[in-house]
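Subject: Structure for you to look over

Dear colleague,

I am handing over the structure below, followed by notes on what was found in it. Please read the notes with the structure open beside them.

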Amino acid sequence: METAKKHLLAHIGNLKIWIGRVKMTQNRALQQWVSEMAQLCQPERIVWIDGTAEQKKVLEEEAVASGEMIRLDEQKWPGCFYHRTATNDVARTEQLTYICTSKKEDAGPTNNWMKPAEAYRQAALYFRGAMKGRTMYVIPFSMGPLGSPFSKIGIELTDSIYVVLNMLIMTRAGREILEQLGESDNFTRGLHSKADLDPNRRLILHFPEDNTIWSVGSGYGGNVLLGKKCLSLRIASWLSRREGWLAEHMLIMGIEDPTGKIDYIAAAFPSACGKTNLAMLIPPEHFRAQGYKVWTVGDDIAWLRIGEDGRLWAINPETGFFGVAPGTNAQSNPNALATIRRNTIFTNVLLTEDGDIWWEDGEGEPPASGIAWDGRPWKPGLTDDSGRPIPGAHPNSRFTAPIVQCPSVSPEWDNPRGVPLTAIVFGGRRSRLAPLVYETFSWQHGVYVGATMASEITAAQYGKQGQVRRDPMAMLPFCGYNMADYFHHWLNFGKKIEKPPKIFHVNWFRKNEAGDFIWPGFGENLRVLNWIIRRAHNQAGAVRTPIGFVPAEGELDLTNLEISGETIEQLFAIDPKDWQKELAGHSSFFAQFGDRLPQGIRDEYHALKERLALERIGTK
């Protein structure tokens, strides 16, 4: 009797699935693909995500009932939830992330490569039956505003409610996406399953020639929110090269001056360089009193196209923030704190028994006790066997929050046209090499500066303090094809822009001999951005150096900032000997690309070498 009941319920469930499918879409290509993937993964049922508040509420209740998420205290954190990943699944797994192209050279030396046929075969072994007893959720989503020439549609299949609820924050998702898609088969096909969360059976696969992503064995957002890094950068970078635009790992921000004029900047920084903090910057009092404002368009991804007016326009394809919690506080990013106070999903932070949360370098004193990110009891002062402090929150713990909740969100953040760029900014973490800010000589020189971007990494994080890690345009982990071809694309793209934005480099992390930072950073960075904008409009003076133009004396507004003339000299010091050592690092990095490296990059290398040689002769 019980068996018969189960069969009846399964029949009714399958009937509902089919009826729901017919209601949601008549797209035969989509229906066939979902059917094929369901046959592979064998879910108990299929649920199509329609984007309604009613369905979202049901999913939240299911996630809480199953223990996949915990509802936080409604008074302190209204509409917020807590999620804990497996302890072996707390970050992007770059070593298991592959670009699967027909030719290995198309993936390039900076990507892991696998033959498409082998990748599909191996992943299919992990996917087969992985959703037995689970629900397959079908998420139609759009990266970018519906109807925008920038936008791309994707479908993600997943067995994780956590993924669904994050995607509902990070993307435009639901029925209207299917209406926009119509009968077209032009959509990114994304398949994800947590499977058994075994790192030995984990793969994040990108098939750019098929416009397909397969992710299996992980539940961490960076590996499984397939609209984010997987589509918006790795797949989109491939598509953008083919279609003539740029998909970049960049923030977008607007700076409004006292007259009401807004200039928009796109900026790329490697990790740990304050990208989200800059995107949500609050102007220092001196600038606020004059009427300056900062508008947040996006903190992570920018898609760039040439507009009909000959300028470069940008959109943020996302609708939310997937930010790092530790270090987020009232000094570093008060706008982020305000953004995440409600309707936010927190991952791997410290949880207290009364439904509160906490993270290191956040707000307030740590609680007397709690449950650490790994599920074990925690209290302040806890140490491991070596005497090292045990953190309550994982260093890569996250928050997922809607962009519309950000106090500084730009009214233009979802404009289908995007916003016009005045400047592009590259940056890195260098203790003595790079000055606070400099302007590049040309678009080609700017591409070279972006291609040689680097940060010094700390002993606490990576093992060798001061070691330089190259991360061109902050895209090293995210470029979906050969990076030498990516440099080609940037160089060629620039030639097509009638009114290109000027390109700059910044370094907030210069140190003195004592090892202390000498620039205050945070909101004071607006002083540098202000010079960048004025310089882009030819309204600010500059001095030519071997590496680019730096602000002329008195051109950087330092009003009410306690900083000595000696410190200013340090901030803009350019040592030809240091830079010649840096050139050796450029040469070593570029060597891996062989003959595929563009001539324009080679030309800029030799030009910089000659300028530095002349500078050394002049200073003897």
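A residue is called buried when its relative accessible area is under 20%, exposed when it is over 50%, and partly exposed in between, with a 1.4 Å probe and protein chains only. Please bear in mind that this is a predicted model, in which local features need pLDDT of at least 70 and side-chain atom pairs count only at pLDDT 80 or more, while totals for chains, interfaces and linings use all residues. Residues are numbered from 1 along each chain as its sequence is written, and side-chain values use heavy atoms, with hydrogens and water left out.

Cysteines

The structure holds zero disulfides, a disulfide being a pair of cysteine sulfur atoms within 2.5 Å. Cys 100 counts as buried because its relative accessibility is 1%, and its sulfur lies 11 Å from the closest cysteine sulfur, that of Cys 230, which is too far for a bond. Cys 273 is likewise in no disulfide, the nearest cysteine sulfur being that of Cys 479 at 19 Å, and Cys 273 is buried at a relative accessible area of 3%.

Helices

Helices (H or I, at least four residues) and strands (E, at least two) are DSSP runs, numbered from the N terminus. The axes of helix H3 (residues 53–66) and helix H6 (residues 161–170) come within 10 Å and cross at roughly 145 degrees, where axes are lines fitted to C-alpha atoms over the stretch in contact and angles run from 0 to 180 degrees between N-to-C directions. On the H3 side the contact (heavy atoms within 4.5 Å) is made by Lys 56, Leu 59, Glu 60, Glu 62 and Ala 63, and on the H6 side by Ile 161, Val 164, Leu 165 and Leu 168.

Asn 530, which is found in helix H16 (residues 525–536), counts as buried because its relative accessibility is 9%. Leaving aside residues up to four places away in sequence, Asn 530 touches Phe 287 and Tyr 292.

Strands

Two strands pair if DSSP finds at least two bridges between them. Strand E13 (residues 251–256) pairs with E15 in the antiparallel sense over five bridges, and Glu 256 has Lys 293 in E15 as its bridge partner. Strand E15 (residues 293–298) is mostly covered, with five of its six residues buried.

An open sheet with mixed pairing is formed by five strands in the order E2-E3-E19-E24-E18. Strands E2 (70–71) and E18 (320–324) stand at its edges, each with a single partner strand, so one side of each is left without a neighbour in the sheet.

Best regards
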